[in-house]
Amino acid sequence: MTTATLKPTDEQHAAIDAAADGQHLKVKAYAGATKTSTLNMIASRLSTQRGKYLAFNKDIVAEARRKLPANVSPQTWHSLAFSASDRALTARLNLAKEPPHHLASRYGLGPVRVPTVIGKSVELSAFQVGRMVADGSARFCRSAQATPEAWHIPVDEKIDETSAAQLRDMLLPHVIRHWEESIDPKGRSAITPDVYLKTWALSRPRIPADFILIDEAQDSDGLMLSVMRLQKDAQAIYAGDPYQQIYEWRGAVNAMEYINARQCTLTMSFRFGRTFAALASRVLQLLGEPVPLRGQPAIRSTLIEDMASQPQVDAVLCRKNVTVVGALASGLTAGHKVAVRANVEEILAFADGADRLMRGERAYKPASLTLFESWQDVQDYAAGFAGRDLLPIVQIIDREGTDYLRELLSRVSPEAEADYVVSTIHRAKGLEWDRVKVMGDFRFRNEDDGRTTMADDEKRLLYVGLTRARQIMDVSDLRHDLLNLFQST
């Protein structure tokens, strides 16, 4: 059945009518609440106008190209900027990247010793310092600012706040230099796609369209919002779920909160029934949302809370990469064919970094190991509350060795051939399965007064995890913490 033949719900009717009025509009759509179908209906209603559809990745755009009417041109933000950028600049995408320690050496930057929150000083290598400069420039590119600022520079959370601020101030002139080199017409260094996207945004572009559809708007970064504010002659229609904003770490802001436009809300999920909707609505309440998510009365959604009655599943969802490793090991030991949706490269880098630390060398990556000077430091940190995220993978390495970790990842099956997939929640966003198990590796906090709490970014991750299943959801691993969380509010 095509979008044109679907009968809109009352909520969809309200959104379509609001768009037809020509006003800027934001469509707040809960998980599974027909956001994409509604955008298609809006585009069909505006069939006499030129539309532009903007999204973040090629797969979403390819899907939109198959579904949207002919009056709408779908593109990624980067492809839109690329087509308007100087070819001398974009040609530098293919140059060899400068290693961070080479960058540091060229800028006259060496190792820096800093105090940390774990009670000891550590040395930031030239590699780490150079990477902070490059990462600061990259974060600036995704922001709305016209020039780099100190807060653009990411500093490891294990460095104490005073030292982190001093480090940012020291590195800011070098970040500015890095940016200026990136856009120098005579420059010969490699650039990333975010550089030409930033230069395009700074040129104050006008997007040739009567209306612009922005999908997954909650994940927009400051740069994208700044471009949209320039579009004085086009109607902006944003669609997204503010409670699925889970990319702060890469510069995204919760754009739905900052967009000043008439709002319509889609609260009826067509993915699951009332049981799952009620559970997700409890999390929405914790985030301050008074309007609940509604489930389909005709869909039977079963919640599994007892570890003794574990059902067969299609997906196992984890908060962290290290939990993915544990679930993969358990599945392979049981003789299952397991697919993985996670940052496998980071997991392999963890094994390599662990080997370096055991040899008495510093680890350049992943970021979770770069501040440690020995494997014993990692073990001590993982044994404490602050490092509990690392404990599962540290225990696997201590028990089985790093080669065991590599061997596990070599036995991953393609998704089409697997019995089920083990995924991080970040990689599961936008997907759904009939039967899902949600692991209990979220960052719950136990306060001094006995209450169980969570940071808002963790609540949003929990909400995403609890809205991926259609028919069966196993929360047995989470049940105790969920009960404490809900009872503490």
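On a 1 Å grid over the protein atoms alone, a pocket is an open set of points where a 1.4 Å probe fits, with protein on both sides within 12 Å along at least five of seven lines. Its volume is the space filled by probe spheres set on the points, with grid points joined across faces, edges and corners. The model here is predicted, so local features need pLDDT of at least 70 and side-chain atom pairs count only at pLDDT 80 or more, while totals for chains, interfaces and linings use all residues. Residues are numbered from 1 along each chain as its sequence is written, and side-chain values use heavy atoms, leaving out hydrogens and water.

The second largest pocket comes out at about 300 Å³. Its lining (residues with an atom within 4 Å of a point) runs to 15 residues, and V313, V316, H336, Y420 and K437 sit closest to the centre. Helix α13 (residues 321-333) gives the largest share, four residues; helices are DSSP runs of H or I, at least four residues, strands are E runs of at least two, and both are numbered from the N terminus. By type, the lining splits into seven nonpolar, six polar and two charged residues, where Ala, Val, Leu, Ile, Met, Phe, Trp, Tyr, Cys and Pro count as nonpolar, Asp, Glu, Lys and Arg as charged, and the others, Gly among them, as polar.

Now for the salt bridges. Taking a side-chain nitrogen of Lys or Arg within 4 Å of a carboxyl oxygen of Asp or Glu as the rule, the count is 38. One of them pairs E373 with K120, with closest N and O atoms 4.0 Å apart. E373 lies in the loop between α14 (344-358) and α15 (375-383) and K120 in the loop between β4 (112-115) and β5 (121-124), so this pair ties together parts 253 residues apart in sequence. Accessibility is read as buried under 20% relative accessible area, exposed over 50% and partly exposed in between (1.4 Å probe, protein chains only). E373 is partly exposed at 25%, and K120 is partly exposed at 31%.

E458 and R319 also meet in a salt bridge, at 2.7 Å from N to O. This pair links distant parts of the chain, 139 residues apart, with E458 in helix α19 (residues 456-465) and R319 in the loop between β10 (315-318) and α13. E458 is buried at 3%, and R319 counts as buried at 14%.
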